[in-house]
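Let's take a friendly walk through a protein structure. Have a look at the sequence and the model, and then read on.

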Amino acid sequence: MILVKHVLQDAQKRLVVLNQEASIFEAAKVLSGRNTPLAVICDSDGIALGVISQSHLVNALATARVDILDLKAGAMMTKPLLTCHLD
């Protein structure tokens, strides 16, 4: 069985956090890295609210309208956020 405590160190190296007000450009820049397919979206207090992935960006672009340039990370994220414990 794989426990969170077994993968936590490697996962923390790849962890990326974005504010829910981050622009689509900021999200794309962070998610364009090979080792960052996912970012945790947090509020201004640092509380995790959801996640955004490369596929969220692709879907947003595929269904783009004129207002795509104003899209924020919080509007694209998957929520609610599922969490787990070390064990």
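This is a predicted model: local features need pLDDT of at least 70, side-chain atom pairs count only at pLDDT 80 or more; totals for chains, interfaces and linings use all residues.

Start with helix H2, which covers residues 24-31. Which of its residues are buried? They are Ile 24, Ala 27 and Leu 31. Viewed down the axis of H2, these buried residues fall within an arc of 60 degrees, so they line one face of the helix. There is a handy rule behind such patterns: an α-helix has 3.6 residues a turn, so residues three or four places apart point the same way.

Now turn to the face of H2 that looks away from the buried side: Phe 25 and Lys 29 are exposed there. The buried residues, in contrast, are covered by elements including strand S1 (17-19), S2, S3, helix H3 (54-62) and helix H4 (73-76).

## The nonpolar core

The largest nonpolar core has 15 residues. Those touching the most other members are Leu 18, Ala 39, Ile 41, Ile 52, Leu 57 and Met 76. H2, S2, H3 and H4 each give two or more residues to this core, and H2 gives the most, with 3 residues. In soluble globular proteins, nonpolar side chains tend to be buried together.

Leaving out residues up to four places away in sequence, Ile 52 touches Leu 18, Ala 27, Leu 31, Pro 37, Leu 38, Ala 39, Ile 41, Ala 73 and Met 76.

Ala 73 sits in helix H4. Is Ala 73 buried or exposed? Its relative accessible area is 0%, so Ala 73 is buried. Beyond its neighbours within four places in sequence, Ala 73 is in contact with Asn 19, Gln 20, Ala 22, Ile 41 and Ile 52. Ala 73 and Phe 25 are 48 residues apart in sequence, and their C-alpha atoms are 9.4 Å apart in space.

His 56 belongs to helix H3. With a relative accessible area of 18%, His 56 counts as buried, because the cut-off is under 20%. Apart from residues up to four places away in sequence, His 56 touches Val 51, Met 76, Met 77 and Thr 78.

## A buried charge in a loop

Finally, find Asp 43 in the loop between strand S2 (38-42) and strand S3 (48-53). Asp 43 is buried but has no salt bridge. How far away is the nearest side chain of opposite charge? That side chain is Lys 79, 12 Å away.

What else surrounds Asp 43? A polar atom of the Asp 43 side chain lies 2.9 Å from the backbone nitrogen of Asp 45. Not counting residues up to four places away in sequence, Asp 43 touches Asn 19, Gln 20 and Leu 49.

Definitions and conventions:
Residues are numbered from 1 along each chain as its sequence is written. Side-chain values use heavy atoms; hydrogens and water are left out. Helices (H or I, at least four residues) and strands (E, at least two) are DSSP runs, numbered from the N terminus. Buried means under 20% relative accessible area, exposed over 50%, partly exposed in between (1.4 Å probe, protein chains only). Lys and Arg count as positive and Asp and Glu as negative; His and the chain ends are not counted. A salt bridge is a side-chain nitrogen of Lys or Arg within 4 Å of a carboxyl oxygen of Asp or Glu. A polar contact is a pair of N or O atoms within 3.5 Å; within protein, one must be able to donate a hydrogen and the other to accept it, and residues adjacent in sequence count only if both atoms are side-chain atoms. Contact means heavy atoms within 4.5 Å. The arc is that of the directions from the helix axis to the C-beta atoms. A nonpolar core is a set of buried Ala, Val, Leu, Ile, Met, Phe, Trp, Tyr and Cys residues joined through side-chain atoms within 4.5 Å.
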